[in-house]
Amino acid sequence: MDAVTHSQVRALVARAAGAVPDGAGQQSRQQTELWRHTAHGVLSAFLGTDTRPDPGETGDRPLADVWHHALGHPDDHDAQNACAAALLAQARRRPELMAALVFLTSPDASPVAGDAAPAPSVTRRGPAATPPASTSSTSSTSSTNTIDGDSTFSGPVVQAGQVHGLHIHSVTVNAPAAGGSGAPEAATYVPPRQLPSVPPHFTGRDEDLETLSELLAERRPGAHLLAVISGSAGIGKTTLASAWLHSLQESAFPDGQLYVDLRGHSPEEAATPAEALSLLLRGLGTRSVPSDPEEQLALWRSLTSGRRLAMQLDNALTAAQVRPLIPAGTDGLVVVTSRHRLTGLGVDGFRVHVLEPLGPQAGYALLARIIGPRRAEREHEAAREVVGRCGGLPLAVCLASARLAARPRQPVRALAEALAHDTGPLDALHAEGVPAVRNALNASYAALGWETALLYRRLGVLPTQSFGVGLAAAACDMPYGVAEQRLDELVEASLLDETGPDTYRFHDLVRAHAAETARGSEPEEVHTTAVRRAADWYLAAASAAQRVLTPEQAVLPRTYRYEPAAPPSFTGRADAMSWLDVHRLNLMACVRDSATRSWHATAWQLVDAIWPLVLHLRNYSLWIEAHEIGLAAARADGLPAAVRQMLASGAIGLSAAGRTEDATVWYGEMLTAARAAGDVRDAGQALLGLGACCHERGERTAAEAHLRGAMADWRACGYERGVGLVQTLQGEIALASGEPEAAVELLGRAAACLESVADPHNVARARALRGRALVVAGEHERGFTELHAAHEVFAATGALHWRARTLEMLGESSIERGQLTSGHGYFTQAAALYATTNPADAERLRGRLSDAGDPNAGHSGNGNPDAENQDPEDPDAEDPDAEDPDAENGVGGATAPAGA
């Protein structure tokens, strides 16, 4: 059953399209115009375009055009019916649109004299909001929305003219940039624009661009265009795809452009679908990526349903690698590049475009653009011979041209002769079918200076996918300034791509050439030294970030073979978190490589250093993989404190990911290790985790026994914060067991205890649960006051998961009081927030939204109590410059000094 009926939506459309009656008074005219302006603004947020009526728009078109047509023809009842049906169909797939329709069709959406249409606002800057139940006693001279002032709609921000107080805000789907102070007033969805830039010398592909545009024009209405650009290595597939996608107007795909490198140049290095989905989900702003591939896929389909996205999936190896990445919904564009035809994708509707080598004229034009037309014309025949030797491959032409451009006095003929010699040890590139590229690379490498050639070789053996100046300097034991100059020379020689600020990467063929050259000209010990220097540099840098972000946890030792002289320094929490986020893939590459090389201390120390990263990102697959590697490395290294640290932080990740049984095993091992070491505080942390796991399984007796043990340990060592955490979980258990009065008492004591140790986030957690317990106990006004106060804290600190939980409890409480519309609004907001933190809860709430009038459907989303009590939502996830009271709690103080 829909929350609104077709007739209600049709009436909404008719009202939005209708003229103001001629006989209406000035006040009535203003009210009607105000409502229409509000409706246009609200719905434009979901249609992705300005929805003011345009009488010239007609016909059966996408939703935005159907809306335009209906509003432009107020007497066309068929158009209004069609528009209502289209809106309702979209709303069934988009809960946030359904909530907007509920608001616009409710009587309270119409402003009255002296009342500026009240509507949701993303934050409240004044006192705690009046509970929704109080709307029944509102004076007859004013009107209050049934969705109260703390509500939030999804969709771009709209400030509707003079309607003071109306803000239609998006939930934070894209995480705000690190460094924001508190929650922004309007956290808007910013469509991702991830496409690679197009080189300025791109040329010779007009026919290919035209063919791709024809495919787009021929696609079936309401369907994706799925295209494969196939061709040999170095032929320019990536550049063509990027150039074409950039040429399309952003308005054609308003929800963003996504890019993923699938690394399909070799089976060993190819990205798994789970890796690719993780990157895509983060591109859409998902803060907590599930560890389970099926959950990732379900979340991807949910987030892409109804969105018009353009995607570039680069360097695909197989159809199986691509198929899970196809977005849900319609009207999208997916372009795959591959060295293979990927004929298996034909069943999915993909069209294949085979990219041929550049013709002689196009190749010559490319060379002339780089070395200059006059020089090319002076040695016309030699220039054409160079192009011919490059086999029509743009990569080879660019490499050869870059060498000529760097040597303006060198005859073009000399390069043509050099390219004629098929020499060198790089037989691996023959398998790619591109000896022309290999020859061009040999020629380019031969022209490098000694230091630049050394840098080229060293970078070729590193496990990381990208490089910055600091890493390059450390790996080569060069001064920073020298490394910076040599990187610039590699870029000038077209041997290295600059992909962002202080970010460089190889084309996969160039990387293979650099690695082959290194192994053919230097002993293996030299390469091992370069890799070890890189790992030590990353360890020092990540540890510096950790000391800024979670200083209480940064207590384990660091050991270096080559301690960096000048690792990065950070100006604040935002800077440190941004660095960790940008370098997360390289950090994990170093973790894996160090473990493979049996550098045990380096492996677990890197895992320990990236704790703030996994806590912030909630990327559970990365979290769990890192700690499985780290635990094995710590055991191999023989350091008990490190083993306990890995068990503690790893168990938190397992629990947060829903792997309760595995978390129980890790907590059990941690308890055994803590008892053996005589570490009372660590033992308390393990017992709290075990108690939470038992509660998750419904084993109350066992849970309470573990919690009594944790309470005794923490009281014995004077850890008051731990006492408050135990009381919080005890109160949550009492609430879940139908004992609200006991829960109110326990949670009140927990809030007071946590307040005494200045832990505002956990105070808010206790108050939120206490608010729900008060409502269940019949004290509605006090309960709503507590819930709203807690929500304000979570909104201000960016604690998305707990904000969602509190909104769900507000929804549950509203429905129990008969306020179905308000409850629906709260659930809508909670579901949208859960989509970025806990997909299972998001799916559960979406199911409940279809029957919001039944207060017994579903249950209040308590999420995973283990994850929340062991590692409450980092209050600084959206505000890295604030203090971090949860870092110590997150890792349980496995090695923290007593009383820290």
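Strand S8 (residues 497-500) runs antiparallel to strand S9 (residues 503-505), and three bridges pair them. Within the pair, Gly500 stands opposite Thr503 in S9. S8 and S9 make a hairpin, with two residues between the strands.

**The model as a whole**

Keep in mind as you explore that this is a predicted model. The protein chain has an average pLDDT of 77, and 76% of the residues score at least 70. Over residues 48-60, pLDDT stays under 50, and the model gives that stretch 26 contacts beyond four places in sequence. Residues 853-900 also have a pLDDT below 50, with 179 contacts in the model beyond near neighbours in sequence. Where pLDDT is low, the predicted coordinates should not be read in detail.

How many helices and strands does the protein chain have? The secondary structure comes to 39 helices and nine strands. Of the chain's 900 residues, 57% count as buried. The accessible surface comes to about 33,600 Å², and carbon and sulfur atoms account for 51% of that surface. Take the contacts between residues at least 6 apart in sequence: 68% of these join residues at least 24 apart.

**The five-stranded sheet**

Now find the open sheet of five strands, whose order is S4-S5-S6-S3-S7, with parallel pairing. Which strands lie at its edges? They are strand S4 (257-261) and strand S7 (351-354), each of which pairs on one side only. On average, neighbouring strands of this sheet are turned by 15° against each other, direction ignored.

Further in, strand S5 (residues 310-316) pairs with strand S6 (residues 333-338) in the parallel sense, over five bridges. Here Gln312 stands opposite Val335 in S6. In a regular strand the side chains alternate between the two faces of the sheet.

| Helix | Lies across | Angle |
|---|---|---|
| H6 (residues 206-218) | S3 (225-230) and S7 | about 170° to S7 |
| H8 (residues 273-283) | S4 and S5 | about 155° to S4 |

In soluble globular proteins, nonpolar side chains tend to be buried together. In this model the largest nonpolar core has 158 residues, and Trp244 and Tyr456 are the ones with the most contacts inside it. Helix H21 (residues 524-549) gives the most to this core, with 11 residues. Apart from it lies another core, of 62 residues, including Ala768, Ala773, Leu787 and Tyr826.

What does Trp244 touch, leaving aside residues up to four places away in sequence? Its partners are Leu209, Leu212, Ser213, Leu216, Leu225, Leu333 and Val335.

Finish with Ala673, which is found in helix H28 (residues 660-677). Why does Ala673 count as partly exposed? The reason is its relative accessibility of 24%, since partly exposed covers values between the under-20% range of buried residues and the over-50% range of exposed ones. Ala673 and Leu647 are 26 residues apart in sequence, and their C-alpha atoms are 9.6 Å apart in space.

Key
Residues are numbered from 1 along each chain as its sequence is written. This is a predicted model: local features need pLDDT of at least 70, side-chain atom pairs count only at pLDDT 80 or more; totals for chains, interfaces and linings use all residues. Side-chain values use heavy atoms; hydrogens and water are left out. pLDDT is the predictor's confidence in each residue, from 0 to 100. Contact means heavy atoms within 4.5 Å. Two strands pair if DSSP finds at least two bridges between them. Helices (H or I, at least four residues) and strands (E, at least two) are DSSP runs, numbered from the N terminus. Axes are lines fitted to C-alpha atoms, for helices over the stretch in contact, and angles run from 0 to 180 degrees between N-to-C directions. Buried means under 20% relative accessible area, exposed over 50%, partly exposed in between (1.4 Å probe, protein chains only). Accessible areas come from the Shrake-Rupley method with a 1.4 Å probe; for residues, only the protein chains shown count as cover. A nonpolar core is a set of buried Ala, Val, Leu, Ile, Met, Phe, Trp, Tyr and Cys residues joined through side-chain atoms within 4.5 Å.
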